Amino acid sequence: MAHPVDVHVGKRIRHRRWLVGVTQQQLAETVGIKFQQIQKYETGANRVSASRLWDIAESLEVDVSFFFSGLQNEDAAIGDAESGAVPSDILNDKEALDLVRSYYAIPEEQRRRLFDLARVLSDVA
């Protein structure tokens, strides 16, 4: 059974990889491993060693601490999901990650307007 920390780190690897638009194969090649190993890391089936996590962080252009971000709040996120807030598994939702990537591809001025529109629509709902 996968350790919760390994699962969390794997989710964060997948999340960052999707945000920067890198495939498992591309990340694996950059790090010097097979893509199947990236799959195992992302599901938490295999633990990521410190040196490998360092290489992954460098490849995805984030600090190593990124992969541990939100770890303390994971129990709170489950409670939020039950109360109607953002689901705790949002990082596993391909559509949500595609939406975020598309959002950041929009020029800043238009992105600000879209954000304001989304906020107004969510307040109405």
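**Reading a helical model**

Tutor: E61 lies in the loop between α4 and α5 (74-82). The model is predicted, so local features are given at a pLDDT of at least 70 and side-chain atom pairs at 80 or more, whereas totals for chains, interfaces and linings use all residues. Residues are numbered from 1 along each chain as its sequence is written, and side-chain values use heavy atoms, without hydrogens and water.

Student: Is E61 buried or exposed?

Tutor: With a 1.4 Å probe and protein chains only, buried means under 20% relative accessible area, exposed over 50%, and partly exposed in between. E61 is exposed, at a relative accessible area of 67%. In the chain of 125 residues, 25% are buried.

Student: How many helices and strands does the chain have?

Tutor: Both are DSSP runs numbered from the N terminus: helices are H or I with at least four residues, strands E with at least two. The chain has 7 helices and 0 strands, and its elements run α-α-α-α-α-α-α from the N terminus on.

Student: Which residues have the most contacts inside the largest nonpolar core?

Tutor: Such a core joins buried Ala, Val, Leu, Ile, Met, Phe, Trp, Tyr and Cys residues through side-chain atoms within 4.5 Å. Here the largest has 16 residues, and I13, L27, Y41, I56 and F67 have the most contacts inside it. At least two residues of this core come from each of α1 (4-20), α2 (24-31), α3 (35-43) and α4 (50-59).

Student: Which residues does Y41 touch?

Tutor: A contact means heavy atoms within 4.5 Å. Leaving out residues up to four places away in sequence, Y41 touches D6, G10, I13, I33, N46, R47, V48, R52 and I56. Of the contacts in the chain with a separation of 6 or more, 58% join residues 24 or more positions apart.

Student: Where does pLDDT stay under 50?

Tutor: pLDDT is the predictor's confidence in each residue, from 0 to 100. Where pLDDT is low, the predicted coordinates should not be read in detail. Residues 76-83 stay under 50, and the model has 6 contacts for them beyond four places in sequence. The chain averages a pLDDT of 85, with 83% of the residues scoring at least 70.
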